[in-house]
Amino acid sequence: MKLHIGLDWLRCTTEAPLSQCLPDLPDVEYAFFDHAKYGYNQAYGLDKFVIAAMFNESRPDMKTSIQLSGIGLQMIRDAGWTDLQIVRKYCDLGKITRIDVAIDLDNPEISPRDLWQSYELGTFKSITKNVTNVDQRGTDAGYTMYIGSWKSDRQIRVYDKSAQLKDLAAFVTRIELVGRSKRADAIARASTLAGVVPVAKREIISMVPSSGVAWFDDVIRRDASEFGALVPREDKSPEVFARRTVIPWLEKNADKLAPETRAMIALLATYGKQ
């Protein structure tokens with residue numbers, strides 16, 4: 001089983017032409033297909049759950065919705081794209097309405113149930129009271145702990161990924177941050193500056209200051225290698241990119257990010273100015 005750390009889902013709304021919505025991938029041919037859902041009636045791509053741009057030609061007031069699933073994102077990465085390049089493309093194209101970031105851990109000694117035990121003991125500290133678990137042993141779903149609700153603008157899911165994939169030989173626990181609506185857009189735009197994983201980790205820390213579980217706190221607080229300096233675009237210096245795009249946007253939308261994320265962005269924004 002291949003472990004994954006990074007983007008696992010991305011959704012974007014845009015007014016851009018259909019020709020700009022999907023990346024060019026070698027040996028991949030996109031096609032049109034019917035898609036009668038959420039007011040859309042057509043889609044262009046591979047599949048509505050893989051790589052697709054959904055639209056309704058009879059509704060000019062509706063923007064195109066682009067959806068990239070975990071499988072679709074991996075296909076794009078296999079074609080040579082990085083997560084940063086993907087996020088930057090779609091932040092430039094429109095507004096991000098959902099972003100998922102996953103961290104896979106291959107260790108038979110750890111389990112999502114460790115977090116629930118900490119919660120029951122009162123050592124799990126979270127800013128939200130909406131903490132639930134679903135135990136579906138013996139099914140494809142396995143065990144999942146949810147921190148935050150499905151209706152909130154961000155949620156943490158910790159679950160048995162190997163059970164979901166029916167891989168009985170693996171012991172993979174996945175930590176997943178889900179950002180929705182305006183929060184998703186803020187997380188994505190902060191990620192173009194500081195990196196996808198570092199921003200996700202700080203959003204998780206803001207929700208769970210202390211889990212009471214050593215392995216979880218260690219993973220979330222351990223900085224990814226891409227953190228520590230601005231992440232430059234190919235055509236712009238880090239400082240120019242920060243001053244002209246991300247920083248002005250974040251100044252107007254700071255309330256949509258966790259304090260830990262804002263502090264990191266503020267630190268990175270001064271990089272190179274000393």
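A: In helix 3 (residues 113–121), the buried residues are Leu115, Trp116 and Ser118. They span an arc of only 160° around the axis, and this places them on the same side of helix 3. The opposite side of helix 3 carries Glu120 and Leu121, both exposed. Here buried stands for a relative accessible area under 20%, exposed for one over 50%, and partly exposed for what lies in between, with a 1.4 Å probe and protein chains only. The arc is taken over the directions from the helix axis to the C-beta atoms, while helices (H or I, at least four residues) and strands (E, at least two) are DSSP runs numbered from the N terminus. After helix 3 comes Gly122, which has a positive phi near 85°.

The model is a predicted one, in which local features need pLDDT of at least 70 and side-chain atom pairs count only at pLDDT 80 or more, whereas totals for chains, interfaces and linings use all residues. Residues are numbered from 1 along each chain as its sequence is written, and side-chain values rest on heavy atoms, with hydrogens and water left out.

Helix 1 (residues 70–78) can be described in the same terms, its buried residues being Gly70, Gly72, Leu73, Ile76 and Arg77. Viewed down the axis of helix 1, these buried residues lie within an arc of 160°, so they line one face of the helix. A general point of geometry applies here: an α-helix has 3.6 residues a turn, so residues three or four places apart point the same way. The buried residues of helix 1 pack against strand 1, strand 4 (51–55), strand 5 (64–68) and helix 2, where contact means heavy atoms within 4.5 Å. On the face turned away from that buried side, helix 1 carries the exposed residues Ile71 and Asp78. Helix 1 is followed by Gly80, with a positive phi near 110°.

Helix 2 (residues 83–93) in turn packs with helix 5 (residues 181–194) at an angle of about 130°, and their axes are 9 Å apart. These axes are lines fitted to C-alpha atoms, for helices over the stretch in contact, and the angles run from 0 to 180 degrees between N-to-C directions. Helix 2 and helix 5 are therefore oblique to each other, since angles under 35 degrees count as roughly parallel, over 145 as roughly antiparallel, 65 to 115 as roughly perpendicular and the rest as oblique. The crossing of helix 2 with helix 5 is left-handed; a crossing has that hand if the near helix is turned anticlockwise from the far one by less than a right angle, and is right-handed if clockwise. Leu84, Val87, Arg88 and Cys91 of helix 2 meet Ala188, Arg189, Ser191 and Thr192 of helix 5. By class, this contact of helix 2 with helix 5 has 4 nonpolar, 2 polar and 2 charged residues, with Ala, Val, Leu, Ile, Met, Phe, Trp, Tyr, Cys and Pro counted as nonpolar, Asp, Glu, Lys and Arg as charged, and the others, Gly among them, as polar.

Helix 5 also packs with helix 6 (residues 196–207), at an angle of about 130° and with the axes 7 Å apart. That angle makes helix 5 oblique to helix 6, and helix 5 passes helix 6 in a right-handed crossing. From helix 5, Arg183, Ile187, Ala190, Ser191 and Ala194 meet Val196, Pro198, Val199 and Glu203 of helix 6. The classes in this contact of helix 5 with helix 6 are 6 nonpolar, 1 polar and 2 charged residues. Ser181, placed in helix 5, has a positive phi of about 55° although it is not a glycine, and Ser181 counts as partly exposed at 49% relative accessibility.

Arg262 lies in helix 9 (residues 259–269) and is partly exposed, with a relative accessible area of 33%. Leaving aside residues up to four places away in sequence, Arg262 touches Ala254, Asp255 and Leu257.
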